[in-house]
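Hello,

Here is the structure I promised to hand over. Please open it and keep it in view while you read my notes below.

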Amino acid sequence: DFCRSSGATWLPDPFLLDDHILLSHGDGFCTDDHAYQEVRSLLRSNAWQADLLQKPLTERQSMGRQMREQSKQTNSNKSTQIMDVNGATVGQTMQIHGADLLIHGHTHRPGDYPRRGQDAYRRIVLGDWHDCGWLCRQENDAFALECFSLNRYSTGAPLENEIACRHVSRDPHLPPRTRLCAHLTRDIHQPADWLILRGANTPE
C-alpha cells in the first residue's frame with residue numbers, strides 16, 4: 001500500500017541497478033557476527049514471517065520493541081569490528097554481480113568509502129534515521145551521500161520515516177535524471193528495506 005501511494009519501488013536484497021550499482025540493506029555482509037546471522041536467517045524465513053503476520057498488529061509492534069531493546073543490549077557487549085561488514089564477503093558479492101558501487105546501510109557508519117588497495121569497488125554507507133535522514137543522490141554519473149533534518153516533519157508519527165521519504169519522492173524541484181536511494185527502518189516482518197525514489201522529472 002505504501003509503495004503504491006508513494007510511487008516507490010519495492011526491491012529484493014541485494015538488487016543490481018544499472019548493471020553496476022548494488023543496493024543492499026547491508027546486514028548480510030556482517031558475516032563475522034555469527035550470532036546475528038543466525039537470527040537473521042530465522043527472521044527472514046518464510047515460516048517465521050507467516051507465523052508473525054498472523055498475530056495482531058499491536059502484538060507485532062510489542063515484539064519489535066522487545067527485539068530492538070534486546071539487540072541494543074547484545075550489541076553493547078560486542079566488538080565494533082564484528083558488527084561491521086566483512087571485506088572479503090563484500091568483495092565476493094560485488095564480483096558475483098559485476099558491480100563497482102555498493103550502497104548499503106545497517107552498520108550505522110555512514111560515509112563514502114572510495115576504492116582502495118585491491119578493492120575494485122566504491123562503498124557508500126547510509127546512516128540510521130534518528131537525528132537526521134540519509135540518502136544517496138545520483139545526478140548522471142555523480143553520487144553524493146547526504147543527510148537532512150527530520151525536524152520539518154511531524155515528530156512522533158508512527159510512519160515518520162515513510163512520510164519523510166514520500167515528501168522527497170514527490171519533490172518537483174529535483175533536476176531531470178535524478179535518483180534518490182533512501183534506507184529506511186522497517187517493521188521486523190519486512191526484511192527488505194530499500195526504496196528507489198524518483199523525482200517528478202525522472203523517466204521510469
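Glycine 98 follows helix H5 and has a positive phi, near 65°. Keep in mind that this is a predicted model.

Now go back along the helix. H5 covers residues 87-97. At its start, look at asparagine 86. One of its side-chain oxygens comes to within 3.0 Å of the backbone nitrogen of alanine 88.

Which residues of H5 are buried? They are Thr89, Val90, Thr93 and Met94. These residues span an arc of only 130° around the axis, so they sit on the same side of H5. The face pointing away from the buried side carries Ala88, Gln92, Gln95 and Ile96, which are exposed. What lies over the buried residues? The cover includes strands S3 and S4.

That brings us to the sheet. It is open and has 5 strands. Their order is S2-S3-S4-S6-S5, and the pairing is mixed. S2 and S5 are the edge strands, as each of them pairs on one side only. On average, neighbouring strands in this sheet are turned by 20° against each other, with direction ignored.

As background, strands of a sheet pair through backbone hydrogen bonds, either parallel or antiparallel. For a parallel example, take S4 and S6. There are 4 bridges between them. S6 spans residues 122-125. Within S6, isoleucine 124 stands opposite isoleucine 103.

Next, the loops. Two residues there deserve a look.

Aspartate 19 has a phi near 70°, which is positive although the residue is not glycine. You will find aspartate 19 in the loop between S2 and S3, the latter being residues 21-24. Is aspartate 19 buried or exposed? Its relative accessible area is 64%, so it is exposed.

Histidine 108 also has a positive phi, near 60°, and is a residue other than glycine. Histidine 108 lies in the loop between S4 (101-104) and S5 (111-113). Its relative accessibility is 51%. The cut-off for exposed is over 50%, so histidine 108 counts as exposed.

One last stop, at a peptide bond. The bond from aspartate 13 to proline 14 is cis, with omega near 0°. Proline 14 belongs to the loop between S1 (9-10) and S2 (15-17).

Start with H5 when you go through the model yourself. Then move on to the sheet and the loops.

Best wishes

How values were computed:
Residues are numbered from 1 along each chain as its sequence is written. This is a predicted model: local features need pLDDT of at least 70, side-chain atom pairs count only at pLDDT 80 or more; totals for chains, interfaces and linings use all residues. Side-chain values use heavy atoms; hydrogens and water are left out. Helices (H or I, at least four residues) and strands (E, at least two) are DSSP runs, numbered from the N terminus. Buried means under 20% relative accessible area, exposed over 50%, partly exposed in between (1.4 Å probe, protein chains only). The arc is that of the directions from the helix axis to the C-beta atoms. Contact means heavy atoms within 4.5 Å. A polar contact is a pair of N or O atoms within 3.5 Å; within protein, one must be able to donate a hydrogen and the other to accept it, and residues adjacent in sequence count only if both atoms are side-chain atoms. Two strands pair if DSSP finds at least two bridges between them. Axes are lines fitted to C-alpha atoms, for helices over the stretch in contact, and angles run from 0 to 180 degrees between N-to-C directions.
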